[in-house]
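Subject: The structure for you to look at

Hello,

Here is the structure I promised to pass on to you. Please open it and keep it beside this email while you read.

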Amino acid sequence: MKHYKVLVILFLFVFQVQYAQYTDEINSNRPGKSMMAFSVGKSVFQTEMGLNFQNEDHAKLKYTANGFIGEIDFRYGLFFEELEFIAELQYQNDSYKTSFDKTRRSALKKTLIGAKYLIYDPFKNYEVKENLYSWKANHKFNWRQFLPAVSGYVGVNLNFSDNPFNYAPSYIEEPVVSPKVMLITQNHFGKQWVFVTNIMYDKIASDFASINYILTLTRGFNQKWSGFLEHQGYKGDYYSDGVFRVGAAYLFDKSMQIDASVGTNIKNTPSIFNAGLGFSWRFDSNYKEFKIEKDKGSKMDKKMKKKAEKENRKRKDEVE
């Protein structure tokens, strides 16, 4: 119950704070667990890291586990603007306690290497043109925002040692290599809301195969602050669950961001509570901006524009 109180308190803080951020500058996946559709950009290097406290309490097996999880992701744009290579590492160290024993566990919990490619960007080569004759046309609802950006991800999980943190029986061995694929969508609603969906098939063709999803809603408040809500679902033979997270991020400058988040799941076998802090940084000195020449319109468009400007000046002179 106390875990849910913490979530509610942070939720109220995030959505009542008067200063917040919406920016495309650093394009960090943190503090949520979902992956955005857009890449960091060609020749841009970015690292995202976090330190989390985690508590587990299993109602049936009667054990508790308390410890820390360190996360670090490396992202690099290469060859194309739409292509990004990603390495994800996660290390866990905790104290595992039962009614009969107490042990210390530590291992590289996740090693994942993959690549993401932006398949479709609904706003590429698209420009909203001003209508000189209609206020209504310039302020009408933009249905194009319901078209999501779409990316595909392919990666491999690497297991270098026995992983004590999975929930399978001890005689079930995790393979050294197992694939992961993911479909990513991203919508921008207005200038402040971003909705990201990840649908993935993880550890394919292994005993640990699972179909998972992540739904992340981010709200930008100004150029510095943002808040997010997230739900993640797991469906596998040895572990199925739902996790809810809430948090906030603060932008130092165009290349640095800090964040904080808390999360808890919906079951008690085990119940999991997680709270963490994170930092994101990018190096983009080698990046060269790709400019797309805007459509300046036909000769008739230019002629009509000049005519409208001339009429506006004439009306202004008459009023004066």
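Helices and strands, as used below, are DSSP runs numbered from the N terminus, where a strand has at least two residues. Please keep in mind that this is a predicted model.

Let me start with the overall picture. The protein has 320 residues, and 41% of them count as buried. Its secondary structure is made up of three helices and 12 strands. How are the strands arranged? They form a closed barrel of 12 strands with antiparallel pairing, in the order E1-E2-E3-E4-E5-E6-E7-E8-E9-E10-E11-E12. Direction ignored, neighbouring strands of this sheet are turned by 20° against each other on average. If you look at contacts with a separation of 6 or more, 59% of them link residues 24 or more positions apart. The accessible surface comes to about 19500 Å², and carbon and sulfur atoms account for 60% of that.

Phe79, Phe80, Phe85, Tyr117, Ile119, Tyr120 and Leu147 make a nonpolar patch of about 700 Å². Which strand gives the largest share of this patch? That is strand E4 (residues 102-120), with three residues. Phe80 is found in the loop between strand E2 (63-77) and strand E3 (83-97). Its relative accessibility is 46%, so Phe80 counts as partly exposed, the class between under 20% and over 50%. Phe79 lies in the loop between E2 and E3 as well, and has a positive phi of about 75° although it is not a glycine.

E2 and E3 pair in the antiparallel sense over 14 bridges, and Gly70 has Tyr91 in E3 as its bridge partner. Thr64 is found in strand E2 and is partly exposed, with a relative accessible area of 28%. Thr64 and Lys97 are 33 residues apart in sequence, yet their C-alpha atoms are 5.3 Å apart in space. Leaving out residues up to four places away in sequence, Thr64 touches Glu56, Asp57, Ser95, Tyr96 and Lys97.

Now move along to strand E11 (residues 256-265). Is E11 largely enclosed or open? Seven of its 10 residues are buried, so E11 is largely enclosed by the rest of the structure. On one side, E11 pairs with strand E10 (residues 240-253) in the antiparallel sense over 10 bridges. Gly247 stands opposite Ser261 in E11, and E10 and E11 form a hairpin with two residues between them. E11 also pairs with strand E12 (residues 271-283), again in the antiparallel sense, over nine bridges. Here Asp259 has Gly278 in E12 as its bridge partner. The hairpin of E11 and E12 has five residues between the strands.

Finally, a few backbone details. Most residues other than glycine have a negative phi, and most peptide bonds are trans. A cis peptide bond joins Thr269 and Pro270, with omega about 0°, and Pro270 sits in the loop between E11 and E12. Arg30 and Pro31 are also joined by a cis peptide bond, with omega about 5°. Pro31 belongs to the loop between helix H1 (2-16) and strand E1 (45-58). Ala205, in the loop between strand E7 (193-202) and strand E8 (210-220), has a positive phi near 65°. Ala205 counts as exposed, at 79% relative accessibility.

Enjoy exploring!

Best wishes

How values were computed
Residues are numbered from 1 along each chain as its sequence is written. This is a predicted model: local features need pLDDT of at least 70, side-chain atom pairs count only at pLDDT 80 or more; totals for chains, interfaces and linings use all residues. Side-chain values use heavy atoms; hydrogens and water are left out. Helices (H or I, at least four residues) and strands (E, at least two) are DSSP runs, numbered from the N terminus. Buried means under 20% relative accessible area, exposed over 50%, partly exposed in between (1.4 Å probe, protein chains only). Contact means heavy atoms within 4.5 Å. Accessible areas come from the Shrake-Rupley method with a 1.4 Å probe; for residues, only the protein chains shown count as cover. Patches are made of residues with over 30% relative accessible area and no salt bridge: like charges are joined within 9 Å, nonpolar side chains (Val, Leu, Ile, Met, Phe, Trp, Tyr) within 5 Å. A salt bridge is a side-chain nitrogen of Lys or Arg within 4 Å of a carboxyl oxygen of Asp or Glu. Two strands pair if DSSP finds at least two bridges between them. Axes are lines fitted to C-alpha atoms, for helices over the stretch in contact, and angles run from 0 to 180 degrees between N-to-C directions.
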